[in-house]
Amino acid sequence: MKKLTLFSVILMVVLANMVFAGRPIGVFANKNTNCIQFIDPITQTVSDHLLKGDLGTYAGGLMDVVITSDRKTAIVSNMGDSRIYFIDISRGFNDQPILLGSTWVFIPPEDMAITPDDNYVVVTDGGNSNHAAVVDIPSRSLVRVQYLKGASVQAAAVTPDGELVLFADYGGGALHSYRIDGEGTLSYKETQLIRPFSPVNVAISPDGKTVIVVHAFSSRASVFLIDSMHDLCFQEYISLPARGGQSCVFSGDGAKAYYLTNANPGKGTQVHILDVASPGKVAASGTSITVTPARGTGHFYGIETIALDPWDNYLYVTNPVASGAVTGISIIDLATHTEVGYLMGTGIPTGICFTALQHPGGNE
């Protein structure tokens, strides 16, 4: 009887851990303290620091976080070290992540974008060059560092079908389109000029048809349509009630987009809700949400400093720039358009990402 009871307890613990490991989690990087932390989006709680001191040098600075679609691997960029780090997060919020290894990418990595088949991560330069690195995720090996069109390429986004990589050319005021093949080779397709604006980030809708280009310093954003031939078709510049774009993220159904600004005197840090009526048709909804405390003015290159939880109920906001940064993450309730929580980091939170609901074997 005692053996049976002990077995039952062990079985319950194992099953509980399996369930918890299968739940979505968030991951964010702390720029200055060389660690990541987990977020449980169900309880809206944050873990203690994880892998502290194992992700390169403290001076290098952790920047972006991306997660493979199978929810098993997080990748973190250390800009000053020219390395990206691969982390096994498959055991979930309640367990320690495992450092799988790192890859030297030759450029100072800031922004990253993963292909939908989880084969490659495209890495852009946190400095002012027009080079991008492509890294094979399964082998964690550098495929190539490639020279790109334009003056300085600082942000990347991959279309959901895996056909295109879009690059924001901050210095050249342009959006460049490249095809990516099964070997990870980037082939130039076209350029769309958006001068005099300086694009700092790119967001692509879940259906792969609408592109929003985030402009630094400006109160406008560019909207493009991707047509059936994978051509970029400029639609319009939309006006926003504040300046200084940093990040933009689409809702899971593609009907909304959330656009972060932080450079408008007197308005501080804000999230603006955009309505997406149909592919390429985007307009400001008129609703803006103030994020407190206000972050500093300026911008990172391409890093996603806002992220939706897996159910699109809450938006999490880190720091759009290191200067004037805070040590916490603001939580925005998208039903009430109000800030409802604040999670403490153990440094300066930068890139943030959540695992998706979809995973092999079914949905949550």
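Guide: What follows begins with the pocket and then turns to the loops, the surface and the salt bridges. The model is a predicted one.

The largest pocket has a volume of about 1400 Å³. Its lining comprises 44 residues, and those nearest the centre are Ile67, Ile204, Val249, Cys353 and Phe354. By class, the lining holds 27 nonpolar, eleven polar and six charged residues. Which strands supply at least two residues each to this lining? They are strand S4 (62-67), strand S8 (109-114), strand S12 (153-158), strand S16 (198-204), strand S20 (245-250), strand S24 (306-308) and strand S28 (349-354).

In the loop between strand S15 (186-193) and S16 stands Pro196, and the peptide bond that joins Arg195 to Pro196 is cis, with omega near 10°. Pro293 occupies the loop between strand S23 (281-291) and S24. The bond from Thr292 to Pro293 is likewise cis, its omega lying near -15°.

Positive phi values deserve attention next. Arg140, a residue other than glycine, has a phi near 55°. Its setting is the loop between strand S10 (131-136) and strand S11 (141-147). Arg140 counts as partly exposed because its relative accessibility is 31%. His337 is not a glycine either, yet its phi is positive at about 60°. This residue belongs to the loop between strand S26 (328-333) and strand S27 (338-344). With a relative accessibility of 33%, His337 is partly exposed.

The surface carries a nonpolar patch formed by Trp104, Phe106 and Val145, which together have about 300 Å² of accessible area. Phe106 sits in the loop between strand S7 (98-104) and S8, and S8 is one of the strands that supply at least two residues of the pocket lining. Is Phe106 buried or exposed? Phe106 has a relative accessible area of 52%, so this residue is exposed, the threshold for that class being over 50%.

The charged pairs complete the picture. Side chains of opposite charge can pair when their charged atoms come close. The count in this model is six salt bridges.

One of them joins the side chains of Asp40 and Arg23, with an N to O distance of 2.9 Å. Asp40 is buried, because its relative accessible area is 2% and the buried class lies under 20%.

A further salt bridge brings together the side chains of Glu163 and Arg179, at 3.3 Å from N to O. This pair links distant parts of the chain, 16 residues apart: Glu163 is in the loop between S12 and strand S13 (164-169), and Arg179 is in strand S14 (residues 174-180). Glu163 is partly exposed at 33% relative accessibility. Arg179 is also partly exposed, with a relative accessible area of 32%.

Lys256 and Asp275 make another such pair, their closest N and O atoms being 2.5 Å apart. Here the linked parts are 19 residues apart, with Lys256 in strand S21 (residues 256-264) and Asp275 in strand S22 (residues 268-278). Lys256 is partly exposed, its relative accessible area being 31%. For Asp275 the value is 29%, and this residue is partly exposed as well.

Beyond these pairs, salt bridges link Lys189, Glu190 and Asp231 in a network.

A last point concerns strand S14, which holds Arg179 and also Ala174. Ala174 is buried, with a relative accessible area of 1%. How far is the C-alpha atom of Ala174 from that of Ile348? The two atoms are separated by 30 Å, and the residues lie 174 positions apart along the chain.

Notes. Residues are numbered from 1 along each chain as its sequence is written. This is a predicted model: local features need pLDDT of at least 70, side-chain atom pairs count only at pLDDT 80 or more; totals for chains, interfaces and linings use all residues. Side-chain values use heavy atoms; hydrogens and water are left out. On a 1 Å grid over the protein atoms alone, a cavity is a set of points where a 1.4 Å probe fits but cannot get out, and a pocket is an open set with protein on both sides within 12 Å along at least five of seven lines; lining residues have an atom within 4 Å of a point. Grid points are joined across faces, edges and corners, and a volume is the space filled by probe spheres set on the points. Helices (H or I, at least four residues) and strands (E, at least two) are DSSP runs, numbered from the N terminus. Ala, Val, Leu, Ile, Met, Phe, Trp, Tyr, Cys and Pro count as nonpolar, Asp, Glu, Lys and Arg as charged, and the others, Gly among them, as polar. Buried means under 20% relative accessible area, exposed over 50%, partly exposed in between (1.4 Å probe, protein chains only). Patches are made of residues with over 30% relative accessible area and no salt bridge: like charges are joined within 9 Å, nonpolar side chains (Val, Leu, Ile, Met, Phe, Trp, Tyr) within 5 Å. Accessible areas come from the Shrake-Rupley method with a 1.4 Å probe; for residues, only the protein chains shown count as cover. A salt bridge is a side-chain nitrogen of Lys or Arg within 4 Å of a carboxyl oxygen of Asp or Glu.
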